[in-house]
Structures are given as C-alpha cells and as structure tokens.
Amino acid sequence: MLDVVVVGAGPNGLTAAVELARRGFSVALFEARDTVGGGARTEELTLPGFRHDPCSAAHPLGINSPAFRALPLERYGLQWLHSDLAMAHPFPDGTAAVLSRSVAETAASFGPRDAGAYRRLVAPFLPKWDTLARDFMSLPLTALPRDPVTLARFGLVGLPPSTWLTRRFRDEPAKALFAGLVAHIMAPLSGFATGAIGLVFALAAHARGWPVARGGSQAISDALAGYLTDLGGSIHTDYEVKRLDDLPPARAYVFDTSPTALARIAGLGRFYDNYKYGAGVFKIDYALDGPVPWTAKEAHRATTVQIGADSAEIGAALRAASREGRAPERPFMITVQPGVVDPTRAPDGKQVFWAYAHVPNGWTGDLTDVIERQLERFAPGFRDRVLARAIAGPAELAARNANYVGGDIGSGAAAGLQLLLRPRLSLFPYSTPHPAVFICSSATPPGPGVHGMSGHNAAKAVWRRLRQAA
Ligand SMILES: Cc1cc2nc3c(=O)[nH]c(=O)nc-3n(C[C@H](O)[C@H](O)[C@H](O)COP(=O)(O)OP(=O)(O)OC[C@H]3O[C@@H](n4cnc5c(N)ncnc54)[C@H](O)[C@@H]3O)c2cc1C
C-alpha cells in the first residue's frame with residue numbers, strides 16, 4: 001500500500017507530493033490534464049513559436065515562498081528572470097507609479113507628498129520579511145510564529161480594509177497602485193484584511209522582485225515534477241479522479257482540488273456547502289507583432305503592468321464584478337509581458353502578452369472589445385500590434401481547470417473571514433471529516449498564487465497524522 005496519493009498536479013499538489021516524498025513516504029500523484037502544472041503551465045495557445053502562460057506568469061509569491069526556497073528547483077531547470085521594475089502602474093496621462101526593488105525609487109514614483117508615508121509603511125517589516133512571510137503564510141498556526149511581535153504589528157496594519165491603509169496616502173499614484181495590488185486576489189478594497197494583501201505584494205517586490213520563469217511558468221511545475229520523480233514519486237497524467245475508488249489504496253489522500261469537487265469525490269456530503277466562490281475572470285492571451293506601445297516609459301521596463309486609471313475606477317470595476325453582477329465598463333486589468341526579459345517566448349521581434357479583467361462568476365459575455373478599448377487608453381495603437389488572440393471567459397477557464405469554479409481563479413472568494421480562514425472556519429483547514437483525506441489547494445491558507453505553501457502546510461498535517469498512526 002502507498003503512503004500517500006495526491007490528486008491534482010498544480011503547484012500545491014506538486015509541493016505536497018515533494019514534501020512528503022522528501023520525508024521518505026511513498027507518493028503517487030494523479031492529474032486530470034495531459035501535463036502537470038495546473039495554474040502554472042505554458043502552451044502555444046495562439047501561433048507556432050508563441051509560448052503563453054495560460055494562467056500564472058508573474059511570481060512575487062513564488063520567489064518569496066519559504067516552501068520553494070527550501071527546494072532545489074534551480075537544479076531542475078527553474079530560472080527566475082527579473083525586469084528592471086517589478087511592476088508598473090501607468091496612468092492615461094503618460095505618468096506611472098512603480099514597484100521597484102528599491103524602496104526609494106518606488107516612494108519617489110508616488111510623488112513628494114506620499115514618499116515619506118510609503119517609506120514609513122514598509123520600513124518596520126522589510127528587514128524581517130523572511131520571517132514574516134513564513135509566519136504569515138503558515139497561518140492559521142500550522143507552525144508557531146517565529147516572530148510574533150512583527151506578525152502582530154503586521155496584523156494591526158494589515159487586518160483593517162485596504163481603504164484604511166491607503167488613507168495615509170494623499171495622491172492617486174500610491175492609492176491606485178495599492179488598490180491594484182489588492183485586486184490581484186480579487187478582494188473588495190473595503191474587505192477585512194485586504195491591507196495585508198497590498199502590503200505583502202509590495203514587500204515581496206522589495207525583497208526579491210516579481211520575476212517570470214525563463215521559458216514560461218511550466219518551468220516551475222516541471223522543476224517540482226522532476227524533483228518528485230527523482231525522490232521516487234510517480235506521476236500519472238490524463239487521470240481524472242471521480243471517486244476515491246478510482247485511486248490505489250493509500251494511508252492518506254491529499255486533494256489539490258476545489259472543496260466542492262473534494263466533497264463529491266470523497267463523499268463528504270455538505271461539509272463545504274458554505275464555501276463561497278468569487279468573481280470570475282476574462283482573459284486574453286495575445287501574440288503581438290512587437291512590444292506593447294505603452295505611453296508611459298516605465299511600463300516598458302516591467303514584466304507586470306497594472307491597468308486602472310485611479311483608485312475609484314479600480315474599486316468600481318471590482319464592485320461591478322463581485323457585488324453588482326455585471327461586467328465593468330472600464331475594467332481593472334493585470335497584464336504581463338514576459339518578453340521584456342525572456343526572449344524564448346516568441347519568435348524574433350515578436351511578443352506574447354496577457355491581460356485579464358474581472359467579471360461576475362459564470363459570466364457568459366465577450367469582454368474582448370472592452371478590454372482592448374481600455375488598453376488603448378494606456379497604449380494607443382495596441383490593436384494594430386495584435387497577430388492573434390486566445391480568449392478565455394469563465395467557462396473556458398473552468399473547462400481548462402476544474403478548480404476555477406465559474407472562472408474564479410482564486411478557487412474561492414477572498415472576502416470576509418474566508419480570505420484567511422478557508423475552506424471553513426477551522427484551525428485545521430487541511431483536514432476533512434474523513435481521517436485519511438486532506439485538502440491542499442489554494443482553497444486553503446494562505447490562498448491563491450503560485451507559492452506551494454498550501455501544499456507545504458497540508459503535507460505537515462499529513463505527516464503528523466501518518467506518524468501518529470505508525
Ligand atoms: C488566468 C490566471 C492568471 C494567474 N496569474 C497568476 C500570477 O501571475 N501569479 C500567481 O502567483 N498566480 C497566478 N494565478 C493563480 C495561480 O495559478 C493559482 O492560485 C495556483 O495555480 C493554485 O495552485 P493549486 O495547486 O492550488 O491549484 P491549480 O494550479 O489550479 O491545480 C489544480 C490541479 O488539479 C487538477 N485537478 C482538479 N481536479 C482534479 C481531479 N478530479 N482529478 C485529477 N486532477 C484534478 C487540475 O487539472 C490542476 O492541474 C493565476 C491564475 C489564472 C487562472
């Protein structure tokens with residue numbers, strides 16, 4: 001009998017499998033798709049030679065992940081590539097706020113009235129970032145905090161809504177950039193603990209940047225899979241698990257799936273019925289005939305570019321998708337242009353580029369024209385560069401990956417207490433009523449993103465249970 005079976009080869013499933021195999025457990029992993037990776041994959045979605053990341057592309061949480069940093073992923077081919085700026089947030093008038101590795105450069109981009117406030121905001125946390133990241137990403141207390149004082153201080157700043165945190169800024173560059181950071185996990189700007197999200201992304205930029213993976217995000221998944229195989233783990237693709245009986249006998253089963261799918265597969269009844277899914281996204285992958293013609297010069301120096309004219313526009317776009325049940329007229333967008341640092345993604349002189357906007361969960365319309373009109377405000381002539389598009393609304397995203405229920409790429413709303421305590425209000429989020437069944441997807445803390453920390457934390461819960469049983 002195997003020690004552990006993992007279902008789903010996203011970053012969390014792969015990390016859980018690796019952590020358990022490293023500790024000497026026999027592990028087999030089963031994945032529905034024909035390749036490993038889940039939300040960290042790379043495919044030729046448009047034209048030959050154009051290598052797109054259908055999901056994740058920018059990795060502030062990946063490079064800062066305590067779990068990934070403890071694994072020899074570089075030895076298995078992962079190479080992080082950094083642009084000059086971690087992220088740029090251009091405005092329609094051709095100016096831009098930026099997130100740079102340098103606090104001084106970032107603060108200067110916010111203007112003289114907010115530069116000092118920004119420096120004072122990040123100063124207490126930056127020197128302690130590694131410990132803080134570990135403590136924050138291990139909540140709710142899968143490990144005792146190593147620096148409870150800094151964690152508590154971070155809680156005081158981060159637990160209130162982001163709109164409280166941004167009150168310390170007077171001008172739009174800082175306010176809009178922070179609103180955009182919160183929108184990365186589709187949280188409402190006035191939601192509980194949303195200040196922490198903005199702050200984590202900013203600190204991550206100063207500590208290690210927001211890199212892309214050379215060759216595409218698939219390199220992250222391939223590195224995890226290569227290490228797992230070397231540790232003796234087996235990987236079975238094209239294997240959709242519908243019932244526990246589909247799997248070989250094992251002492252523990254770890255699911256990198258949505259709570260809803262897990263309840264169905266493992267017969268957990270209504271255990272996760274209160275779990276809520278959030279807004280969906282509408283995503284376009286572009287093959288371009290050259291770089292995006294941004295008006296703001298800073299946007300040419302960053303792989304990630306946030307699009308939103310001001311904090312009010314960003315807030316309105318989020319409210320439209322998550323509360324008002326309609327698509328935004330002027331969407332907030334996250335865009336990534338890996339070609340700024342990675343020439344392997346497209347033929348000479350060409351570029352891949354992706355943009356996504358938030359829409360209501362399960363929305364069925366076409367946002368292409370709205371997205372491109374919004375892009376044209378910041379990059380006039382964008383449309384003329386388009387060679388091909390691969391368009392994915394909520395239905396296509398959910399078809400590509402069952403975890404994105406209704407197009408919710410966070411696998412669960414990041415609203416209310418569910419932002420921190422997911423998939424239920426429990427101190428044991430990775431356990432289920434079935435003593436041998438665990439969950440490790442981004443529906444568990446610390447939530448969405450390619451960082452593997454949900455898998456890492458879940459693996460701890462599994463090995464503690466297996467050692468108790470031994
Ligand atoms: C458009 C988009 C853009 C994103 N951008 C970023 C970004 O830039 N940076 C970032 O850090 N994050 C980004 N994310 C989020 C990130 O991709 C996810 O948070 C992350 O992949 C979650 O990892 P996971 O392991 O929990 O689940 P997933 O990566 O979703 O993997 C789950 C895996 O389980 C498999 N599976 C599900 N059900 C079954 C079953 N019944 N049987 C077998 N296999 C099953 C799925 O096929 C999938 O491979 C983005 C996501 C999307 C969709």
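Author: Two strands count as a pair if DSSP finds at least two bridges between them. The model discussed here is predicted.

Reader: How do you know that strand 10 and strand 11 pair, and in which sense?

Author: Strand 10 and strand 11 (residues 333–336) are joined by four bridges. The cut-off is at least two bridges, so they count as a pair. The sense is antiparallel. One of the bridges puts T304 with V336 of strand 11.

Reader: How many bridges join strand 4 to strand 10, and in which sense do they run?

Author: Strand 4 (residues 85–90) has three bridges to strand 10, and the two run parallel. A88 has V305 of strand 10 as its bridge partner.

Reader: What joins strand 11 to strand 12?

Author: Four bridges do, and strand 11 and strand 12 (residues 351–359) run antiparallel. Opposite I334 stands Y356 in strand 12.

Reader: What is the order of the open sheet that these strands belong to, and what is its pairing called?

Author: The order is 5-4-10-11-12-9-13, which makes seven strands, and the pairing is called mixed. Strand 4 runs parallel to strand 10, while strand 10 and strand 11 are antiparallel.

Reader: What makes strand 5 and strand 13 stand at the edges?

Author: Strand 5 (96–99) and strand 13 (386–392) each have a single partner strand, so one side of each has no neighbour in the sheet. Neighbouring strands in this sheet are turned by 20° against each other on average, with direction ignored.

Reader: What lies across this sheet, with an angle to strand 9?

Author: Helix 14 (residues 368–378) does, running at about 60° to strand 9 (280–288). Among the strands that helix 14 lies across are strand 4, strand 10 and strand 13.

Reader: Why is strand 10 called largely enclosed?

Author: A residue is buried if its relative accessible area is under 20%. Six of the six residues of strand 10 (residues 302–307) are buried, so the strand is largely enclosed by the rest of the structure.

Reader: Is S442 called buried or exposed, and what makes it so?

Author: The relative accessible area of S442 is 12%. That is under 20%, so S442 is buried. S442 lies in the loop between strand 14 and helix 16. Its contacts, apart from neighbours within four places in sequence, include N12, G410, R422 and S454.

Reader: What is L47 called, by its relative accessible area?

Author: The value for L47 is 29%. Buried needs under 20% and exposed needs over 50%, so L47 falls in between and is partly exposed. L47 is in the loop between strand 2 and helix 2 (60–63). L47 touches A287, L387 and A388, not counting residues up to four places away in sequence. L47 and A287 are 240 residues apart in sequence, yet their C-alpha atoms are 7.1 Å apart in space.

Reader: What order do the strands of the five-stranded open sheet have, and what is the pairing?

Author: That sheet has the order 7-2-1-8-14, with parallel pairing. Strand 7 (234–236) and strand 14 (437–439) are at the edges, because each has a single partner strand. Strand 1 (residues 2–7) and strand 2 (residues 27–30) are joined by four bridges. V4 has V27 of strand 2 as its bridge partner.

Reader: Which helices pack on this sheet?

Author: Helix 1 (residues 11–22) touches strand 1, strand 2 and strand 8 (250–255), and its direction makes about 170° with that of strand 2. Helix 16 (residues 453–469) touches strand 1, strand 8 and strand 14, and its direction makes about 165° with that of strand 8.

Reader: What is the angle between helix 1 and helix 11 called?

Author: Helix 1 and helix 11 (residues 218–230) pack at about 25°, with axes 9 Å apart. Angles under 35 degrees count as roughly parallel, so helix 1 is roughly parallel to helix 11. Their crossing is left-handed. Residues in the contact include L14 and V18 of helix 1 and L224 and L228 of helix 11. By class, the contact has nine nonpolar, two polar and one charged residues.

Reader: What is the arrangement of helix 6 and helix 7 called?

Author: Helix 6 (residues 129–137) and helix 7 (residues 148–158) pack at about 70°, with axes 10 Å apart. The range 65 to 115 degrees counts as roughly perpendicular, so helix 6 is roughly perpendicular to helix 7. L132, D135 and F136 of helix 6 meet T150, L151 and F154 of helix 7. Four of these residues are nonpolar, one is polar and one is charged.

Key:
Residues numbered from 1 in each chain as written. Predicted model: local features only at pLDDT ≥ 70, side-chain atom pairs only at ≥ 80, totals over all residues. Heavy atoms only, no water. Contact = heavy atoms within 4.5 Å. Axes fitted to C-alpha atoms, helices over the stretch in contact; angles between N-to-C directions. Buried < 20%, exposed > 50% of the residue type's maximum accessible area, 1.4 Å probe, protein only. Parallel < 35°, antiparallel > 145°, perpendicular 65-115°, else oblique. Left-handed = near helix turned anticlockwise from the far one by under 90°. Nonpolar A, V, L, I, M, F, W, Y, C, P; charged D, E, K, R; others polar.
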